[in-house]
Amino acid sequence: MAKKRRKLNKEFERKIYSSKKNVELVLAKIYDIDDEDIQKEYMSAFNKVVYLYDELKENYDIQGFSDNSEELLTNYKKAFKLFESEFEI
């Protein structure tokens, strides 16, 4: 039985790439914090954003662009904005 091909979307791939760069930038800034307690607090708060990004990326890599893709991206963006509003980075 032939394996079903996943549907690709170049614009969505650019959004995922941009999201990856944002996550990497914030993680770099968190790792630059000298105070270990503050660094742990920031990292703990940012873990949800990282988890949602990983979920978004994995879903696209496995299934391609689907009905669920936009919802996952929206969830990631909301979590990222919430983190930015609560923490100065």
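Where is the place of Asp54? Asp54 sits in helix α2, where helices (H or I, at least four residues) are DSSP runs numbered from the N terminus.

## Ground rules

This is a predicted model, in which local features need pLDDT of at least 70 and side-chain atom pairs count only at pLDDT 80 or more, while totals for chains, interfaces and linings use all residues. Residues are numbered from 1 along each chain as its sequence is written, and side-chain values use heavy atoms, with hydrogens and water left out.

Asp54 comes out as partly exposed, at 42% relative accessible area. For reference, buried means under 20% relative accessible area, exposed means over 50%, and partly exposed is in between (1.4 Å probe, protein chains only). Asp54 and Lys20 are 34 residues apart in sequence, and their C-alpha atoms are 9.1 Å apart in space.

## Helix α3 and its two faces

Helix α3 takes in residues 67-86, 20 residues that should span 28 Å at 1.5 Å a residue. That expected span is 1.5 Å times one less than the number of residues. The end C-alpha atoms of α3 are 30 Å apart, which agrees.

Which residues of α3 are buried? They are Ser69, Leu72, Leu73, Tyr76, Ala79, Phe80 and Phe83. These residues cover an arc of only 130° around the axis, so they fall on the same side of α3; the arc is taken from the directions from the helix axis to the C-beta atoms.

## Salt bridges along the helices

A salt bridge here is a side-chain nitrogen of Lys or Arg within 4 Å of a carboxyl oxygen of Asp or Glu. The count by this rule is five salt bridges.

Lys10 is exposed at 59% relative accessibility, whereas Glu13 is partly exposed at 27%. Also in α1, Lys21 and Glu24 are three residues apart, again about one turn of the helix, and their salt bridge has its closest N and O atoms 3.4 Å apart. Lys21 is partly exposed at 38%, and so is Glu24 at 37%.

Over in α2, Asp61 and Lys57 are four residues apart, or about one helical turn, and their side chains meet in a salt bridge at 3.0 Å, N to O.

## The aromatic cluster

Rings of Phe, Tyr and Trp (its six-membered ring) pair if their centres lie within 6.5 Å; planes under 30 degrees apart count as stacked, over 60 as edge-to-face and the rest as tilted. By this rule there are nine aromatic pairs. One of them is Phe46 with Phe80, an edge-to-face pair at 6.1 Å centre to centre with 70° between the planes. This pair links distant parts of the chain, with Phe46 in α2 and Phe80 in α3, 34 residues apart. Phe46 is buried at 0% relative accessible area, and Phe80 is buried at 9%.

The rings of Phe83 and Phe87 are stacked, because their centres are 5.1 Å apart and their planes are at 20°. Phe83 is buried at 3%, and Phe87 is buried at 14%. Ring pairs link Tyr42, Phe46, Tyr53, Tyr76, Phe80, Phe83 and Phe87 into a cluster.
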